[in-house]
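Q: I'd like to learn how to read a protein model. Can you walk me through this one?

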Amino acid sequence: MPKIYALDKVDRKLLNLLQKDNQTPTRMLADKTHISQPTCLRRLRNLREAGIINADVALVDPFALGYGMLAFLEISLTNQSDECMQEFETRMSKEAEVMQCYFISGDFDYFLVAHVIDMDAYYQFVRRVISGSGNVRHFQSRFPMKRSKFVTRIAFDEKSLEVQVRAKK
């Protein structure tokens with residue numbers, strides 16, 4: 001069950017700084033937030049333990065690696081029982097091409113974001129993962145022609161005294 005966690009101004013400033021560059025040395029983070037280095041380390045540990053920081057990763061540009069095709073898929077399942085939906089989600093979590101998978105409201109059951117090298121790779125992906133699943137009733141694909149914005153950060157207001165968030169742990 002999620003627990004309420006209070007983010008003060010310092011926590012929010014730390015989170016904003018880390019989302020810009022998670023390689024920033026703790027000494028610099030402490031200086032920028034006007035706290036001691038041990039206090040900074042403790043706060044970061046607490047944010048990680050609460051599940052507010054859930055990963056420290058490098059964002060790799062798939063286009064630079066030759067994965068030149070992004071696809072958005074809307075998927076309707078034939079059987080929407082809990083068991084079948086869980087099985088679909090588990091399968092999608094194991095597929096390297098699937099970058100994101102969402103259970104959604106509306107006319108479709110799921111929305112996927114998939115990254116592949118080219119149209120042939122997309123065709124193979126659809127045949128193997130979507131058409132070959134046995135439980136996909138219908139799907140639609142959309143292909144973006146241009147990406148005008150892509151961010152992963154959550155912008156925290158650093159001025160308010162406190163912000164209540166739901167922590168995972």
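This is a predicted model: local features need pLDDT of at least 70, side-chain atom pairs count only at pLDDT 80 or more; totals for chains, interfaces and linings use all residues.

Q: How many helices and strands does the protein have?
A: The secondary structure comes to 5 helices and 6 strands. The radius of gyration (taken over C-alpha atoms) is compared with a globule rule of 2.2 Å times the number of residues to the power 0.38. Here the radius of gyration is 20 Å, well over the 15 Å that the rule gives for 169 residues, so the protein is more spread out than a compact globule. Along the principal axes, its C-alpha atoms fill a box of roughly 55 × 40 × 25 Å.

Q: At what angle do α2 and α3 pack?
A: Two packed helices are described by the angle between their axes and the distance between the axes. Axes are lines fitted to C-alpha atoms, for helices over the stretch in contact, and angles run from 0 to 180 degrees between N-to-C directions. Helix α2 (residues 26-33) and helix α3 (residues 37-49) pack at about 100°, with axes 9 Å apart. That makes α2 roughly perpendicular to α3 (under 35 degrees is roughly parallel, over 145 roughly antiparallel, 65 to 115 roughly perpendicular, the rest oblique).

Q: Which residues of α2 and α3 meet?
A: Contact means heavy atoms within 4.5 Å. On the α2 side you have T26, R27, L29 and A30, and they meet Q37, C40, L41 and L44 in α3.

Q: Is E95 buried or exposed?
A: Buried means under 20% relative accessible area, exposed over 50%, partly exposed in between (1.4 Å probe, protein chains only). E95 is buried, at 18%. It sits in the loop between α4 (82-94) and β3 (98-103). Leaving out residues up to four places away in sequence, E95 touches R128 and V129.

Q: And where is D61 found?
A: D61 is in the loop between α3 and β2 (69-77). With 37% relative accessibility, D61 counts as partly exposed.

Note on methods. Residues are numbered from 1 along each chain as its sequence is written. Side-chain values use heavy atoms; hydrogens and water are left out. Helices (H or I, at least four residues) and strands (E, at least two) are DSSP runs, numbered from the N terminus.
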